[in-house]
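Subject: Structure for your review

Dear colleague,

Please find the structure below, followed by a summary of what was found in it.

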Amino acid sequence: ARGAFQLLYPGRVNIAIVDFWTTVAGWPFNNFPAQYTFLAKRPLLWKFVYFWAAFRPTRYLTECFFSLFGHAKVRRYFETVQPDLILSVHPLINRLSLSVLSHIRLRQAHPPPPYVTVVTDLGDAHPTWFDPRTDMVYVPSEPLRQLAIEEGVREERVRLFGLPIRPAFWHPAPDREQLRAKLGMAQHIPTVLLVGGGDGVGGLSAIADAIARRIADDVGAATG
């Protein structure tokens with residue numbers, strides 16, 4: 001997002017990238033990044049927490065907990081910074097943030113800043129990404145557009161634009177064979193890119209080993 005704004009509006013925008021849980025919400029949420037890494041390495045526990053937050057009754061309890069300990073701190077931050085636009089790229093912050101903005105709207109004469117969510121999951125997404133009060137939701141695929149509507153976001157507020165990417169990927173890639181040669185890669189062996197999210201996923205090394213063995217078997221069968 002920063003690269004796009006700076007390219008489209010050079011020198012006209014001031015962008016602050018903030019870790020919501022550690023910087024804004026604070027205790028007891030400031031350990032969320034470490035807890036995320038812990039859960040990512042334990043699939044069963046990860047699955048339990050995922051569905052706990054997706055099931056509406058337990059999701060409501062979780063959101064009440066967030067509001068109890070985070071509402072006042074998030075409100076003070078928004079009122080101090082006074083942003084012109086809030087852009088969310090995390091599913092768990094949306095309901096709390098939008099509840100705070102609704103509270104600000106009731107207390108102040110002027111409306112709060114627009115709130116935009118950019119969904120960074122591709123084929124499926126946790127329901128906490130979507131809140132009907134969001135001013136605009138950008139999704140990367142048709143299934144997620146449908147999911148946003150099912151979760152109550154008005155259709156005219158959902159935009160299908162693909163995944164956001166770094167500026168380095170905005171331009172066409174070089175010729176594949178030339179790029180392989182430049183990187184010292186064999187021309188006849190398939191290349192696989194594994195993506196594990198910002199904090200990785202559990203078992204990524206095992207996945208890589210399994211794919212490597214499969215490629216070795218296929219290449220050996222094809223050349224043998």
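Which unit do β3, helix α7 and β4 make, and is it right-handed or left-handed? β3, helix α7 (residues 142-150) and β4 make a right-handed β-α-β unit; a crossover counts as right-handed if, with the strands pointing away from the viewer, the path from the first strand over the helix to the second runs clockwise. Helices (H or I, at least four residues) and strands (E, at least two) are DSSP runs, numbered from the N terminus.

This is a predicted model, in which local features need pLDDT of at least 70 and side-chain atom pairs pLDDT 80 or more, while totals for chains, interfaces and linings use all residues. Residues are numbered from 1 along each chain as its sequence is written, and side-chain values use heavy atoms, with hydrogens and water left out.

The sheet is open and has 4 strands in the order β1-β2-β3-β4, with parallel pairing; two strands pair if DSSP finds at least two bridges between them. Its edge strands are β1 (86-88) and β4, each of which pairs on one side only.

The pairings are as follows:
- β1 and β2 are joined over 3 bridges, and Leu87 has Val116 in β2 as its bridge partner.
- β2 (residues 115-118) and β3 (residues 136-139) pair over 3 bridges, with Thr117 partnered by Val137.
- β3 and β4 are likewise joined by 3 bridges, and Val139 stands opposite Leu160.

Finally, Trp170 lies in the loop between β4 (158-160) and α8 (176-183).

Yours sincerely
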